[in-house]
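Please keep the sequence and the coordinates at hand while reading.

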There are 2 protein chains.
Amino acid sequence: MHLARSRTAIAVARNVSNQFAGAARSRASVTKLLTPSAASSGKFSRALSSTSRVLADSPSPSSAPLADATTTPPTGGDGNGNGKKQSRYRAFLQHVGRVTLVTVVGTTGVFYYYTQKDKHPGAQLPFDETKKTLVVLGSGWGASSLLKTIDTEDYNVVVVSPKNYFLFTPLLPSVAVGTISPRSIIQPTRHITRHKKRVVSVVEAEAKEVDPVAKTVTVQDTSEIRGLVTERTIPYDYLVVAVGAEVQTFGIEGVKEHACFMKELHDAEVVQRRFMDCVETAAFPGQSQEEIDRLLHVVVVGGGPTGVELSGELHDFLSEDLRSWYPELASRIRLTLVEALPSVLPMFSKQLIDYTVSTFKEEKIDVKTGTKVKKVKADAVVVEAKDGEKEIPCGLLVWAGGNKGRKVSMDLMAKFPTEQKNPRGISIDDHLRMKGSDGSIFALGDCTFSQYAPTAQVASQQGAYLARVLKQKAKRDALAVEFASLQKEELLQSPNAERKEKIEKIAKQLEKQEKVRPFSYSHQGSLAYIGSDKAIADLPIFNGNLASGGVATFLFWRSAYISTLFSLRNRVLVANDWIKVKLFGRDVSRD
Amino acid sequence: MHLARSRTAIAVARNVSNQFAGAARSRASVTKLLTPSAASSGKFSRALSSTSRVLADSPSPSSAPLADATTTPPTGGDGNGNGKKQSRYRAFLQHVGRVTLVTVVGTTGVFYYYTQKDKHPGAQLPFDETKKTLVVLGSGWGASSLLKTIDTEDYNVVVVSPKNYFLFTPLLPSVAVGTISPRSIIQPTRHITRHKKRVVSVVEAEAKEVDPVAKTVTVQDTSEIRGLVTERTIPYDYLVVAVGAEVQTFGIEGVKEHACFMKELHDAEVVQRRFMDCVETAAFPGQSQEEIDRLLHVVVVGGGPTGVELSGELHDFLSEDLRSWYPELASRIRLTLVEALPSVLPMFSKQLIDYTVSTFKEEKIDVKTGTKVKKVKADAVVVEAKDGEKEIPCGLLVWAGGNKGRKVSMDLMAKFPTEQKNPRGISIDDHLRMKGSDGSIFALGDCTFSQYAPTAQVASQQGAYLARVLKQKAKRDALAVEFASLQKEELLQSPNAERKEKIEKIAKQLEKQEKVRPFSYSHQGSLAYIGSDKAIADLPIFNGNLASGGVATFLFWRSAYISTLFSLRNRVLVANDWIKVKLFGRDVSRD
């Protein structure tokens with residue numbers, strides 16, 4: 001392929017002046033001058049090789065006679081103790097050099113091999129009509145984790161999602177200030193499905209309606225560009241609802257109209273653009289001091305990890321970048337974090353909450369707990385605290401709190417009015433089966449209501465668990481088919497000891513496969529970045545808990561996020577972005 | 001600062017179980033076990049040092065006795081000629097290792113130093129009321145080049161532009177397919193102005209009106225977020241109009257409504273999103289074959305460098321990435337390049353045009369020259385060629401041709417109806433002065449009409465030229481002031497030979513400074529990327545022209561673009577993006 005590319009290379013010179021021709025002649029004469037001396041190159045190379053022998057490091061008795069070494073002492077050696085020290089030093093340096101070289105070359109090679117393998121997935125098995133169809137709604141944590149783990153030899157899999165990619169949500173606050181590029185934390189769903197054994201159909205569409213009786217899902221292309229066919233009804237044998245949730249605004253006036261959110265990739269980009277717009281508008285000549293203060297006031301609503309991390313990231317952006325490029329404005333930018341509960345980060349231990357609050361104090365982030373948002377206006381937010389209602393002028397308000405069920409899952413719940421009564425999400429049993437359904441509908445992640453918090457960790461573990469359950473189901477189904485056919489034989493044909501034994505064996509296996517272990521969540525800990533290269537972590541350790549905060553935890557936070565990222569590609573891109581920001585800072589362009 | 005950050009690091013363990021305490025005890029006993037042997041570490045280190053002496057590379061007579069070497073022959077040496085060869089080989093490897101190490105460490109250090117210096121510009125001089133005010137409209141090639149070169153000690157500089165960044169337009173087609181990240185080719189205007197000696201006021205606003213009599217510019221904040229003050233009139237002594245141009249649609253029906261463009265960063269992002277949307281819509285289950293063919297047909301209008309490069313980039317995206325992720329669709333994607341003129345790339349030499357056309361043939365890009373666009377519909381384009389009118393169904397149409405004056409420059413031209421008659425742009429003299437103005441208005445780049453093509457190269461050279469002219473003007477103005485004051489003295493006071501001599505000298509200098517050299521354009525060559533790692537280049541060499549195309553030219557194209565990029569930051573980011581794409585391919589997510 002590369003050969004084919006270079007084959008047609010052409011290089012044509014035209015209108016070449018005499019001057020140029022002259023230059024060509026003089027170059028030819030230089031070549032001539034060099035030619036005679038080339039004859040002596042043999043001699044020269046011999047001389048060179050003897051020198052290299054002297055400089056070679058192994059004092060092998062036959063190859064490096066002592067006399068040689070004495071007549072040509074190595075540079076820098078003074079023949080005394082110094083030489084000893086120096087040679088040790090040189091040996092060390094050489095060793096480091098060798099290790100560096102081998103490491104660099106080796107790592108690059110292995111790395112390149114893996115990336116290329118990843119880039120070029122091979123052919124896949126086609127859909128198999130004898131297999132059951134598994135329809136997965138969603139492409140978030142739960143769905144992607146399921147897709148990664150599932151064995152496509154057992155099922156024909158169809159994925160339906162309005163986004164054709166997986167988004168690594170925990171790093172969204174970093175995208176909002178430009179620490180990380182938007183595309184570094186997304187991974188196309190096809191990068192997962194194309195590496196499966198069997199073809200997986202990825203449909204970029206919104207699931208509109210589930211019919212649990214007919215066992216179908218109706219999907220619709222709601223994107224900007226639509227074809228002649230925009231709606232389709234897909235039949236399923238098993239359905240996995242992993243559609244996540246949408247932002248809960250609690251019906252507060254003005255939130256939808258004036259606030260920014262922190263849910264999708266687009267949201268983070270909007271926050272970045274609007275924030276820079278506020279700064280540029282404050283820099284507009286003739287703006288009053290009061291208006292500058294309003295424009296440069298950022299209010300983050302929601303003291304959960306997203307709100308806290310966004311505040312921390314905004315602080316970093318301010319102290320590391322805006323100070324350089326907007327020196328006249330940087331000191332006037334103010335950050336306020338508003339939380340209705342009496343404390344931020346309720347899922348963390350007390351010390352870490354205190355540590356966060358004191359760090360925020362140092363970072364001049366105003367934390368207003370026990371403060372409810374009553375109304376959001378274009379240029380202010382109305383809040384209610386113990387001391388009454390107050391209007392706080394602000395330039396940008398980011399709403400980072402609350403989950404609400406999506407329409408499709410709400411509609412599905414309405415079809416099982418007896419079993420699905422909790423408006424907070426789809427009620428599931430401990431096998432992730434939707435309560436009320438015949439066992440063909442599973443639900444996981446943020447669209448469900450269970451004993452677990454709506455976090456990425458839970459959804460991800462649920463996805464992997466469900467893949468294992470489905471594998472077991474497929475095995476059991478295969479055994480059941482075999483069992484039925486053997487039993488039929490037993491009925492129709494003469495008795496046979498071997499067959500009987502087989503039937504008993506399969507019956508036992510079947511019994512074993514019927515027992516499905518319930519989902520159990522293993523908490524890996526909670527992490528949050530709080531700005532100024534500091535993070536906090538609550539880690540379950542043995543039967544206790546290790547709470548830590550600070551710069552070391554920040555490094556742990558980074559390595560934990562890097563290792564949680566979905567692919568080698570994402571890992572390299574995010575690490576690369578961190579280095580980029582260290583070197584060049586964040587971009588202040590308003591794109 | 002770093003100390004201050006780590007100071008508050010805390011690490012608290014709570015609820016620690018007995019198990020954990022047990023583990024802590026057992027660790028303590030391990031430490032005890034190790035302690036006694038620590039006494040012998042001195043002996044051990046001595047033994048180690050003697051080994052390292054043997055392994056050390058310099059056979060200095062005093063430090064490495066032959067006996068030592070014989071008793072401990074170096075690994076791999078067989079005491080024969082092989083040892084000689086190996087030692088030579090090892091020496092070579094060591095040398096390479098050392099060079100690698102030193103290069104890596106050295107380059108990293110220097111690089112880091114420069115990036116940090118760049119990130120932290122120091123304090124600047126404030127505006128000086130005694131200096132003249134220079135207002136620059138625009139932040140493109142011309143304006144940015146002017147800002148880079150201008151001496152701010154001579155002027156108070158105000159930059160007005162609706163974008164607060166410079167955009168490296170030649171790489172836009174690469175952004176449109178994801179070869180390069182959008183933010184890699186932009187550079188905030190403040191990254192230029194903050195490194196100037198005197199403060200430069202950067203106003204993110206649109207210039208609405210120029211009053212050449214009152215010498216003022218009215219600017220307006222037209223962005224999403226606005227403050228109480230949105231309009232401002234700024235007085236100028238010198239005005240530089242470098243506002244560029246907008247897309248020329250020639251009034252063709254449907255272009256504005258249905259086409260994508262390739263002018264601003266946003267345009268490239270829209271093309272990327274819409275193209276992936278077309279692909280996903282074609283992948284929607286149940287789409288008819290005809291509709292799939294329509295959706296996967298991309299029409300690029302305009303056979304200039306932008307259109308050609310976009311076609312080439314789209315081809316690469318298709319062959320290098322879409323084939324992997326959409327194997328069922330990739331072979332059906334079709335690209336058509338439409339050009340009204342009889343040939344694409346009219347500014348290139350004949351052979352290169354032929355080479356481009358033949359390469360496009362290999363790449364299966366359909367080139368339709370001599371074909372006019374009559375109408376653009378939502379799902380098709382109507383074209384007229386020799387063989388009559390034809391409707392071509394397509395999913396995406398990119399309009400990459402034609403420049404039209406912006407309203408602000410058109411309005412300004414209307415104020416000099418006698419001198420400004422050409423509707424194609426502001427007429428300028430060979431000193432870049434707007435014809436008809438009193439010499440206080442300069443214009444350059446795409447908003448002007450001159451003998452030069454509207455290219456980045458011309459605008460950039462004009463910007464640098466103008467900065468030199470303004471420097472000369474400032475010098476002359478200073479001399480004129482001195483001259484006037486000396487002449488006044490001469491009139492009022494008694495004659496003085498010394499003063500007279502000085503007056504004569506200044507008069508001579510003034511005369512010299514009055515002569516301003518006209519702008520002369522030095523063409524550096526034309527370059528275009530045509531896909532499949534091939535580029536074409538027309539380079540002026542001596543008095544002739546070197547036309548070359550192919551893979552080698554592609555490497556030249558890359559290095560030329562890298563060196564033309566505005567800053568070290570952009571250079572590194574773009575090179576980094578190229579490596580990223582080589583490793584991981586382009587992103588197929590529709591964001």
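A residue is called buried if its relative accessible area is under 20%, exposed if over 50%, and partly exposed in between, with a 1.4 Å probe and protein chains only. By that rule B:C260 is buried, as its relative accessible area is 3%. This is a predicted model, in which local features need pLDDT of at least 70 and side-chain atom pairs count only at pLDDT 80 or more, while totals for chains, interfaces and linings use all residues. Residues are numbered from 1 along each chain as its sequence is written, chains are lettered from A and ligands numbered from 1 in the order in which they are written, and side-chain values use heavy atoms, with hydrogens and water left out.

B:C278 also counts as buried, at 1% relative accessibility. The criterion here is a pair of cysteine sulfur atoms within 2.5 Å. The cysteine sulfur closest to that of B:C260 belongs to B:C278, and because the two are 8.5 Å apart, they are too far from each other for a bond. Over all chains, the count of disulfides by this rule is zero.

Another buried residue of chain B is B:D477, with 17% relative accessibility. B:D477 is located in helix α16, residues 456-492 of chain B. Helices (H or I, at least four residues) and strands (E, at least two) are DSSP runs, numbered from the N terminus. Leaving aside residues up to four places away in sequence, B:D477 touches B:K132 and B:Y238, where contact means heavy atoms within 4.5 Å.

In chain A, an unreviewed UniProt entry places the feature "domain: FAD/NAD(P)-binding" at residues 133-463. UniProt positions follow the numbering used here, feature names are shortened, and annotations may be inferred rather than shown by experiment. The span is 31% helix and 28% strand, and its end C-alpha atoms lie 17 Å apart.

Helix α6 (residues 141-149) of chain A is mostly covered, with seven of its nine residues buried; among them are A:W141, A:L146 and A:L147. Strand β6 (residues 200-204) of chain A has four of its five residues buried, so the rest of the structure largely encloses it. Over five bridges, β6(A) pairs in the parallel sense with strand β3 (residues 155-161) of chain A; two strands pair if DSSP finds at least two bridges between them. In this pairing A:V159 has A:V202 of β6(A) as its bridge partner.

An open sheet of chain A has five strands with parallel pairing, in the order β12-β19-β13-β14-β15. β12 (260-261) and β15 (365-368) stand at its edges with a single partner strand each, so one side of each lacks a neighbour in the sheet. The partner β14 (residues 334-338) pairs with β15(A) over four bridges, and A:L337 is bridged to A:V367 in β15(A).

The domain assignment gives chain A domain 1 (133-243 + 407-446 + 453-472) and domain 2 (255-404 + 523-584); such bounds come from an automatic or database assignment. Their centres, taken over C-alpha atoms, are separated by 29 Å. Domain 1 of chain A contributes 35 residues to the contact and domain 2 of chain A contributes 32 residues. The area buried between them is about 2800 Å², with 62% from carbon and sulfur atoms. Buried area is the accessible area (1.4 Å probe) that two parts lose on being put together, summed over both. On the domain 1 side, A:P173, A:A176 and A:V177 lose the most area to domain 2, together 19% of what that side buries.
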